[in-house]
Amino acid sequence: MKLRLKWLFLPILFMSLLIFSLSYAQNKFKLKPDAKGKLCLSCHDNFKEKLKNQFIHTPVKSGECSECHNPHTSSHGKLLDADPNKICNKCHEGIVPKNPKSSHKVVTEGNCVKCHDPHASNNKFVLLKAGNDLCFDCHKNIGETVAKAK
């Protein structure tokens, strides 16, 4: 009888731990229920205008600010949850292959925000600018050459 009770108890214990860990993962910062981005926007009300852009980064759209930001404290600027040059790679790890034959310097440095807005933009892929205008911001000499050729 004790053995049977033991086997009944183990699955219940396992399920309890699983449920607890899932609930912790969903609310690792112990925020109020349903707070999500609503709580952030109560202070960052100027950010509401940014949310009117056509392309919104998925965690921003779903109010999951804590996917990138720690609402309490951080050793990184802007309360980022990780190093600014590594934070995008938490979700977008497949963007840069392990041994690329060539690569864009800002990409290998992890400086994604040189080209992308981490929150929202009116440009596809949340790019800061559309088309060649984005590239010519850094590559001015190429932009000038193209302009002369037209």
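A: What follows looks closely at one pair of helices, and then at the contacts that lead on from there.

This is a predicted model, in which local features need pLDDT of at least 70 and side-chain atom pairs count only at pLDDT 80 or more, while totals for chains, interfaces and linings use all residues. Residues are numbered from 1 along each chain as its sequence is written, and side-chain values use heavy atoms, with hydrogens and water left out.

Helix α5 covers residues 131–138 and helix α6 covers residues 140–149, where helices are DSSP runs of H or I with at least four residues, strands are runs of E with at least two, and both are numbered from the N terminus. The two helices pack at an angle of about 125°, and their axes lie 5 Å apart; these axes are lines fitted to C-alpha atoms over the stretch in contact, and angles run from 0 to 180 degrees between N-to-C directions. That angle makes α5 oblique to α6, because angles under 35 degrees count as roughly parallel, over 145 as roughly antiparallel, 65 to 115 as roughly perpendicular, and the rest as oblique.

On the α5 side, F136, D137 and C138 meet K140, I142, G143 and V146 of α6, contact meaning heavy atoms within 4.5 Å. Sorted by class, this contact has four nonpolar, one polar and two charged residues, with Ala, Val, Leu, Ile, Met, Phe, Trp, Tyr, Cys and Pro counted as nonpolar, Asp, Glu, Lys and Arg as charged, and the others, Gly among them, as polar.

D137, one of the α5 residues in that contact, also joins K129 in a salt bridge, with N and O 3.0 Å apart; the term stands for a side-chain nitrogen of Lys or Arg within 4 Å of a carboxyl oxygen of Asp or Glu. Side chains of opposite charge can pair when their charged atoms come close. D137 is partly exposed, with a relative accessible area of 38%, and K129 is partly exposed as well, at 34%, since buried means under 20%, exposed over 50%, and partly exposed in between, with a 1.4 Å probe and protein chains only.

The whole structure has five salt bridges. Another of them links K90 and D81, whose closest N and O atoms are 3.6 Å apart; K90 is partly exposed at 41%, as is D81 at 27%. E49 and K52 also meet in a salt bridge, at 3.3 Å from N to O, and both of these residues are exposed.
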